[in-house]
Amino acid sequence: NLDANAVTFLDTRTWAVAAVVRDSAFKQPHGVAFGPDGRYVYVSNRYQGGGIHDHEGHKAMGSGNVVAICMPTRTVEAGMPVGHYAAGIGGVPPTPSARGAVEPTTCR
């Protein structure tokens with residue numbers, strides 16, 4: 001999905017594709033973290049802009065971003081720039097009471 005600028009959701013009971021999200025906000029999606037209430041998944045995008053791979057950060061390849069996807073609707077709701085080579089992301093796992101408790105409604 002990195003080069004396709006897409007995020008794929010899987011049903012972990014069957015490993016079947018549940019949804020594929022495509023949006024112009026994706027620029028080489030790379031890392032994933034869930035919000036603490038389970039409503040959003042946050043995806044970091046490293047966006048190297050076709051440049052040479054540079055872990056050191058010595059060359060600006062393009063501005064990375066983080067995109068928020070609403071879990072119930074599988075739609076992109078927000079994004080923000082976070083600097084160059086946003087290859088990873090971390091977060092607090094959803095609370096036990098939030099897992100599986102997301103209402104099938106819009107997030108906004």
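The model is predicted, and local features need pLDDT of at least 70, side-chain atom pairs count only at pLDDT 80 or more, and totals for chains, interfaces and linings use all residues. Residues are numbered from 1 along each chain as its sequence is written, and side-chain values use heavy atoms, with hydrogens and water left out.

Select residues 63–70, which form strand S5. Strands are DSSP runs of E with at least two residues, numbered from the N terminus.

Two strands pair if DSSP finds at least two bridges between them. Within this pairing, Ile69 has Val76 as its bridge partner, and Ala68 has Ala78.

Now select Arg74, in the turn of the hairpin that S5 and S6 form with four residues between them. Arg74 has a positive phi of about 55°. Its charged end sits over the ring of Phe9, 4.5 Å from the centre; the criterion is NZ of Lys or CZ of Arg within 6 Å of the ring centre and within 35 degrees of the ring normal. Lys27 likewise lies over the face of Tyr47, at 5.2 Å from the ring centre.

Finally, select residues 40–45, strand S4, which is joined to S5 by six bridges and runs antiparallel to S5. Here Tyr40 stands opposite Cys70 of S5.
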